Amino acid sequence: MAPPAAHKERTLIAAIGDEDTITGLLLAGIGDIDIHQRPNFLVVDSKTTQGQIEETFTSFTKRKDIAIILINQHVAEEIRGILDEYNAAFPTVLEIPSKDHPYDPSKDSVLKRVQLLLGD
Amino acid sequence: MPDTGAQLTDTKLLQHFATLAQYQHTRERNSAALKQAFFVLAQARRSAGYSRISPDQYSGHAQPIATVNINAMEPGSSGSTMTVARRNEDSAGVDPLLWFGMLVPPTLREAQSGFVEALDGLVALAQMKRELELQAETITKLTQENSIKD
């Protein structure tokens, strides 16, 4: 078990999502822009490339100050490859619905992992 | 003599099912809360003008009001718990509501409340996901140990 102080610096909630999702989460108070002008969020629109999403996701996973990464389920689908490979405890990645893409349990990787476990 | 390996696995499996049920139930409630918050946000954007509530208004400086505390659980158990921490208005920085102007439609304030509540649910879901992962690791390990004994 990790010592109690191990995760004390992990306090931020990062987010990758469409405009409404990010606006909503920023209103809820998650927004952080550090002294290097690095935001803990990315707005994904029609001009955002898969490479940009992957790069931002990877950079978030490497930061030591992020506890959770929230990502729209439909955006997660675009980087499913690197998401499936990701298995670190922290930051914890959670896929979330968007305004135009409601939560789809059939695409929930949490449920898929449980099925995999019970299928053995 | 009871097979304690199999019994322990069964106990862990039951615990796993219970956490899974809790996860699914929280997901349903949270998805409904988010749907409502998105709806109210759309109303606010229509009311104020779409261009007035958009990423163009996001501040270039931000300090989080909502963060996470990761605490080690009691000695003897594994894992940790994540909970939302919210700075109170006195010590908090600028309320992000103000990024969108001094006079915002009441629906934007209502949307903010909706997203604040939904965020609590999302952090709870992240915590449950973590618990499910740890439980799965334990079950896999126990299953492997049991099959070695057979």
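**View 1. Helix H2 of chain A and its buried face.** At 1.5 Å a residue, the 13 residues of helix H2 (residues 50–62) of chain A should span 18 Å, and the end C-alpha atoms are 18 Å apart, which agrees. The expected span is 1.5 Å times one less than the number of residues in the helix. Helices (H or I, at least four residues) and strands (E, at least two) are DSSP runs, numbered from the N terminus. This is a predicted model, in which local features need pLDDT of at least 70 and side-chain atom pairs count only at pLDDT 80 or more, while totals for chains, interfaces and linings use all residues. Residues are numbered from 1 along each chain as its sequence is written, chains are lettered from A and ligands numbered from 1 in the order in which they are written, and side-chain values use heavy atoms, with hydrogens and water left out.

Ile53(A), Thr56(A), Phe57(A), Phe60(A) and Thr61(A) of H2(A) are buried. Seen down the axis of H2(A), the buried residues fall within an arc of 135°, so they line one face of the helix; the arc is that of the directions from the helix axis to the C-beta atoms. Buried means under 20% relative accessible area, exposed over 50%, and partly exposed in between (1.4 Å probe, protein chains only). Exposed residues Glu55(A) and Lys62(A) sit on the face of H2(A) turned away from its buried side. The buried residues of H2(A) pack against several elements of chain A, among them strand E1 (12–17), strand E3 (66–72) and helix H4 (80–85).

View 2. Ile79(A) is in the loop between H3 and H4 of chain A and is buried, with a relative accessible area of 0%. Gln52(A), in helix H2 of chain A, is partly exposed at a relative accessible area of 40%.

**View 3. The interface between chain B and chain A.** Here 56 residues of chain B are in contact with 47 residues of chain A. The two chains bury about 4300 Å² between them, 70% of it on carbon and sulfur atoms. Buried area is the accessible area (1.4 Å probe) that two parts lose on being put together, summed over both. In chain B, Arg27(B), Phe38(B) and Ile70(B) lose the most area to chain A, together 15% of what that side buries.

**View 4. Salt bridges between the chains.** Four salt bridges are counted between chain B and chain A, each a side-chain nitrogen of Lys or Arg within 4 Å of a carboxyl oxygen of Asp or Glu. Arg27(B) pairs with Asp108(A), the closest N and O atoms being 3.7 Å apart. Arg45(B) forms a salt bridge with Glu19(A), with the closest N and O atoms 2.8 Å apart. Arg45(B) lies in helix H1 of chain B and Glu19(A) in helix H1 (residues 19–27) of chain A, so the pair joins two chains. Arg45(B) is buried at a relative accessible area of 11%, whereas Glu19(A) is partly exposed at 28%.

Terms used. Contact means heavy atoms within 4.5 Å.
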